[in-house]
Amino acid sequence: MLDLDLLHSFVSVVDAGGFTAAGERVHRSQSTVSQQIRKLEESLDCALFVREGRQVSLTEDGERLLGYARRMLALSTEVREAVSGRKRVDVIRLGVPDDFAADTLTAVVSAFARSRPGVRLSVRCDLTSSLSRSLERGDLDVALIKREPGASGAVATWQENLHWICSPALDLSDAEPVPLVAFPQGCIYRNRAIHALEAAGRHWRIAYESPNLTGLQAALTGGLGVALLERRCIGPGHRVVDAALPAVPSTELALCVTDPAREPARQLAMTIRDFCEKETSRLAA
């Protein structure tokens, strides 16, 4: 049987992104946490982290262990609560893209949590590439992700219509290379934009890069470049310039749930599905 204390330190290092920050979370010194990780690695006879200075990343074995570790810790908590008679709190881990109706969706999931005292939400806002990996590892229960159309394994999907967007003051007629405003590598919108430009024989450069939609929108308003985004991201200080640049096929917004999913997670997924249906209808009107 694996030592749950060692697993707790392992998960803390992953979530905190390093040994020092993990030590602060578990109220132990960095050296103590490092010793615990070494002990865990020795017991499993494999390396769990790649150490590069103060930065750490998971090895393939570490990736495989992470999902099991989270489930073992959750089961341990469930056992203690069942035996002690204390009321169980269901933790639902939700992942959402940064550019999907942050204010209104947050209000919806907050209302969901308030209506269910036995549910505790843990919400993570990130790029789809990261959310997809976390969903596969079992680190998320429910996630909204952007992907290629037609893939399986989703509770519901919605077509995303992408548009080239820039400031009214930006003249794209002589822009060469095309200045792109984009999310970091791994974003499907960024990949779509680059592939479309290269297929059309257009040169491009990254003029502004940010993992946050607000940063991209500010860069667009300031005239730093053009972005390929979903229509929901078009702000009052932007204009659509689809005619000036290559056509781009649609992408897909998918609502995914881990299998098997606990009932509270399924309920949250249905709440988000209803919200997405209304949001899609509103944008189409």
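**View 1. Val 226 and the residues packed around it.** Leaving out anything up to four places away in sequence, Val 226 touches Trp 164, Ile 165, Cys 166, Leu 170, Leu 172, Val 178, Pro 179, Leu 180, Val 181, Leu 220, Val 241 and Leu 245; a contact here means heavy atoms within 4.5 Å. Keep in mind that this is a predicted model, where local features need pLDDT of at least 70, side-chain atom pairs count only at pLDDT 80 or more, and totals for chains, interfaces and linings use all residues. Residue numbers start from 1 along each chain as its sequence is written, and side-chain values use heavy atoms, with hydrogens and water left out.

**View 2. The largest nonpolar core.** Val 226 shows up again here, as one of the residues with the most contacts inside a core of 31 residues, along with Trp 164, Leu 172, Phe 183 and Leu 229. A nonpolar core is a set of buried Ala, Val, Leu, Ile, Met, Phe, Trp, Tyr and Cys residues joined through side-chain atoms within 4.5 Å. Buried stands for under 20% relative accessible area, exposed for over 50%, and partly exposed for anything in between (1.4 Å probe, protein chains only). Two or more residues each come from β7 (162-166), β8 (178-182), α7 (188-199), α8 (213-221) and β10 (227-230). Helix α7 gives the most, with 6 residues. Helices (H or I, at least four residues) and strands (E, at least two) are DSSP runs, numbered from the N terminus. Apart from this core lies another, of 22 residues, among them Leu 94, Leu 105, Leu 144 and Leu 255.

**View 3. Ile 145 in strand β5.** Ile 145 sits in β5 (residues 142-147) and is buried, with a relative accessible area of 8%. Skipping its neighbours within four places in sequence, Ile 145 is in contact with Thr 128, Leu 131, Ser 132, Glu 252, Leu 253, Ala 254 and Cys 256. Leu 73 is another story: 72 residues from Ile 145 in sequence, and 27 Å away in space, C-alpha to C-alpha.

View 4. Cys 276 is in no disulfide either, as the nearest cysteine sulfur, in Cys 256, is 11 Å away. Cys 125 is partly exposed at 45% relative accessible area, whereas Cys 276 is buried at 1%.

View 5. Leu 75, Val 79 and Val 83 make a nonpolar surface patch of about 300 Å². Patches are built from residues with over 30% relative accessible area and no salt bridge, joining like charges within 9 Å and nonpolar side chains (Val, Leu, Ile, Met, Phe, Trp, Tyr) within 5 Å. A salt bridge is a side-chain nitrogen of Lys or Arg within 4 Å of a carboxyl oxygen of Asp or Glu. Accessible areas come from the Shrake-Rupley method with a 1.4 Å probe, and for residues only the protein chains shown count as cover. Leu 75 belongs to helix α4 (residues 60-84) and counts as exposed, at 51% relative accessibility.

**View 6. Asp 45 and its backbone.** Asp 45 is not a glycine, yet has a positive phi of about 60°. You'll find Asp 45 in the loop between α3 (30-44) and β1 (49-52), exposed at 70% relative accessible area.

Conventions:
Disulfide = S-S within 2.5 Å.
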